[in-house]
Amino acid sequence: MNWVFIFGIALVVCSGMLNASTRFLIKRMPNAHKFTIIGFGYLFALPWYALWLSYEGIPVVDSSFWKIIALSVPLLIVANIMIVNAHRIAPMTLLASFLALTPAFHLFTGYVMGVPTPRTLMGYIGVAVIVVGLYTINTRNGKLGLLEPFKQIYKNRGAFLMFLVALVFSVTANLDPMAMNASNIPFYLIVDHGLIALIALGLRVYYVKRKGEQDEAILPWRPLVAFGLCLAFEVATHMCAFLFVPVVSYVISGKRLGTILFAFAYGLYLGFSPRHREKNPGEREHLFPRVAGMTIAVIGMLMVIFQSH
């Protein structure tokens, strides 16, 4: 057994758990403006990257690094906007499994972007199994017609947004190892996430101060700081995993595995805990097809991860 590979997968599963925690924190800030969450969340991650950079040192970078940044920043801003909006209007127990599409989409985006992507029969079967899982999630306890589950993805705005997020992340996942080769991890994260924080906070000023959109009168500092902490360690474990598992499709599959399992668990907590259940009835709806679909999607992702191991 390849223990280096197993350790790398364990790192990205932990990264996925932390990613699920940021989504849970979004649920805990229902009245905060989306750019407040994104801007301050990314801002509070920067000190951790700065500590890391003080050890690694500032690298010499060329134009290829800035091209990666120019592509990464707008894509991640758009993805984060969609994530916040999706979690405002749909339950976590529904949305979690849509991220299983990221490794499926990556079979195409990795090929287009020139990133080595294992493509085996088991990998393609795994993608098909993921699609079956997402189909099952949307069957609504078997009450819908044959094609209706696919229509539900389009009809449910939260589900459709997460479908698009999975597509965006299948592109940005390829940029991370490229940035590591053109720079070092902490410098890339400070520049990338620093620009995201700056732009998001600028957009917050525009929409809240000038457009009059609603925001918390007293900002929820504790969950915002927790968001930044989870984000910092999520991305750190994700990036370090490439040192042990230098194949993008394996890394994102392992991360999405962790995200799906823990996001679903957070959704069940919101749906059944006495403290939150009244505000989150949607987390308890159609649980049988959601659990069955999540299980099938996870099996498909495991097939993608271990397609050549």
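The legends below describe close-up views of salt bridges and nonpolar cores in a predicted model. Residues are numbered from 1 along each chain as its sequence is written, and side-chain values use heavy atoms, with hydrogens and water left out. Local features need pLDDT of at least 70 and side-chain atom pairs count only at pLDDT 80 or more, whereas totals for chains, interfaces and linings use all residues.

**View 1. Salt bridge between R204 and D215**. The structure holds two salt bridges, a term that denotes a side-chain nitrogen of Lys or Arg within 4 Å of a carboxyl oxygen of Asp or Glu. In one of them, the side chains of R204 and D215 meet at 3.1 Å, N to O. R204 is buried at 13% relative accessibility and D215 is buried at 16% (buried: under 20% relative accessible area, 1.4 Å probe, protein chains only).

**View 2. Salt bridge between K255 and E234**. Here the N to O distance is 2.8 Å. K255 has a relative accessible area of 8% and is buried, as is E234, for which the value is 5%.

**View 3. The largest nonpolar core**. This core, a set of buried Ala, Val, Leu, Ile, Met, Phe, Trp, Tyr and Cys residues joined through side-chain atoms within 4.5 Å, has 87 residues, and those with the most contacts inside it are I38, Y49, F98, M162 and Y188. With residues up to four places away in sequence not counted, Y188 touches F65, I68, I69, S72, D176, A179, S183 and M239, where contact means heavy atoms within 4.5 Å.

**View 4. A second, separate core**. This core consists of six residues, among them A20, F24, A96 and A263.

Definitions and conventions. Buried < 20%, exposed > 50% of the residue type's maximum accessible area, 1.4 Å probe, protein only.
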